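Here is a short tour of one residue and the chain around it. Have a look at the model first, and then we can walk through it together.

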Amino acid sequence: EIRLKGKLNYEGKTAFRISIKAMDKGLYEMSAHCDVLVDIIDVNDNAPEVTLTSLSSTVSEDAPVGTVVALFSATDKDSERNGQVQCEIEKKLPFKLDSSMKNYYELLVQHQLNRENASQYGVTITCT
């Protein structure tokens, strides 16, 4: 029986090789050995991390559609499917997210802005 002595962390080590040797206590000691390979399975135990690269704190109301408002990256330390990150914003905003490279995003002006209708916007980016 092999028991776990501490916590496992897939991001730290993905497998362990355990060498086992058994010996009897006979007059002529006999022994045998084997190697046990334990593969660790990743669980979704890390939250995405967002890093803001660039931000325009003000945007002119006559900014053309496609103007970049912010650049950011979003990564997750988990592996494979657990490490895939999807980011989104509310659909009702005049902005959109574009991802031309894996884990890198641009917040863009999607619709013409009008300061008389809204002088500022609160944009919440949700990454899962």
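The side chain of Asp76 comes within 2.8 Å of the backbone nitrogen of Asp78, a polar contact (N or O atoms within 3.5 Å, one able to donate a hydrogen and the other to accept it; residues adjacent in sequence count only through side-chain atoms on both sides). This is a predicted model, in which local features need pLDDT of at least 70, side-chain atom pairs count only at pLDDT 80 or more, and totals for chains, interfaces and linings use all residues. Residues are numbered from 1 along each chain as its sequence is written, and side-chain values use heavy atoms, with hydrogens and water left out.

Asp76 sits in the loop between β4 (68–75) and β5 (87–88); strands here are DSSP runs of E with at least two residues, numbered from the N terminus. Asp76 is buried but has no salt bridge, and Lys77, the nearest side chain of opposite charge, lies 8.8 Å away. Buried means under 20% relative accessible area with a 1.4 Å probe, protein chains only, and a salt bridge needs a Lys or Arg side-chain nitrogen within 4 Å of an Asp or Glu carboxyl oxygen. Beyond four places in sequence, the contacts of Asp76 (heavy atoms within 4.5 Å) include Asn44, Pro48 and Val85.

Now for the whole chain:

| Property of the protein chain | Value |
|---|---|
| Strands | 8 |
| Buried share of the 128 residues | 20% |

Key: Helix = DSSP H or I, 4+ residues; strand = E, 2+ residues; numbered from the N terminus. Buried < 20%, exposed > 50% of the residue type's maximum accessible area, 1.4 Å probe, protein only. Lys, Arg positive; Asp, Glu negative; His and termini not counted.
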